Amino acid sequence: GLVNRVVSHLIQAIRSTDSSFGSIGRLGAGSYYEHVKISEPNEFDIMLVMPVARLQLDESDDTGAFYYLTFKRNPKEKYLLKFLDEDGKLSAFKMLEALREIIKREVKNIKDVEVTVKRKKAASPAITLQIKNPPAEISVDIILTLEVQQSWPPSTQDGLKIEQWLGRKVRGEFRNKSLYLVAKQNKREKVIRGNTWRLSFSHIEKAMINNHGSSKTCCESDGPKCCRKGCLKLLKYLVEQLKKKHTKELDKISSYHVKTAFFHSCVMWPNDTDWHLEDLDHCFQKYLGYFQFCLQKCQLPHFFIPQYNLLSLEDKATSNFLLRQINYELNNGFPIFWE
């Protein structure tokens, strides 16, 4: 409730302060909205979505995930022209800065809640708010997102292999949904200019996690229950606890790695009968085994962009470290779950 109040206040203010952001709306993303949050609801991801009619996407590297955006002739969105850089590319950096300034000014006007904007983290696409909520704090990541009404780029062609799991029709429906691009710096750029955008599929990921059965009634109130979400929560918790213990060594590992491995597992074991609720232990071991295999090979393909490896070789040390920690937990009956 508190988060909704703060975010609604900010959206009103953003819309009325700068006409460039007049059409902005919100979309909840991340684990809280996928109902796989495992600890207190103290972290929220809110995507601030701006509809844009058409953009030209040019790949900024060979991952197929990062793009430069330019407008086709005579864009409807004249109000965005002030965010172009000297090469005519839409600058994520300029847009984020403008948004951050409005938010920094506006949080002071939110009555009876103490909200601060955290210092900017390099390469993070988020504007992070801290909301005082005694005895704790709530952290809200605000992510600037463009919603583009056009077909997905070629790099996604062979991704989203869900035909056996959720069906061909569902895949078609997903691929007809808008394209989302988040203001995300591409770390591989030689010269960091802050004008790259990354594809985001949070809206599809949320839909897959919330309707995860190969049968339509899986986990509905009167339908059969499966253990898919239970497995995802367990591995998320395991990795989260290991990250708390070894912050520096596991800095590059995120819950997105866990979620991606989960989607691949759902494809490898597509039937609801592969995930019987009473087989949680066995299913978790299978899913964990696949994740270990990925770490060992330093190979975890992005679920929607198969050419994009989320565990690149330059992070081999991180993958090896995590693998050793997981093996230790596995061989000792997961002491971390009992701490």
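How many salt bridges are counted between domain 1 and domain 2? The count is 0, where a salt bridge is a side-chain nitrogen of Lys or Arg within 4 Å of a carboxyl oxygen of Asp or Glu.

## Model basis

This is a predicted model: local features need pLDDT of at least 70, side-chain atom pairs count only at pLDDT 80 or more, and totals for chains, interfaces and linings use all residues. Residues are numbered from 1 along each chain as its sequence is written, and side-chain values use heavy atoms, without hydrogens and water.

## Domains and their interface

Domain 1 covers 2-201 and domain 2 covers 216-337; the bounds come from an automatic or database domain assignment. Their C-alpha centres are 26 Å apart. The contact (heavy atoms within 4.5 Å) draws 28 residues from domain 1 and 21 residues from domain 2.

The two domains bury about 2,000 Å² between them, with 63% of it on carbon and sulfur atoms. Buried area is the accessible area (1.4 Å probe) lost on putting two parts together, summed over both.

## Salt bridges

By the same rule, the count comes to 13 salt bridges. One pairs K82 with D18, with the closest N and O atoms 3.2 Å apart. K82 sits in the loop between β4 (66-71) and α2 (92-106), and D18 in the loop between α1 (2-17) and β1 (25-29), so the pair ties together parts 64 residues apart in sequence. Helices (H or I, at least four residues) and strands (E, at least two) are DSSP runs, numbered from the N terminus.

## Annotated span

An unreviewed UniProt entry lists residues 227-327 as "domain: Mab-21-like HhH/H2TH-like". This span is 61% helix and 0% strand, and its end C-alpha atoms lie 22 Å apart.

How values were computed:
UniProt positions are given in the numbering used here, feature names are shortened, and annotations may be inferred rather than shown by experiment.
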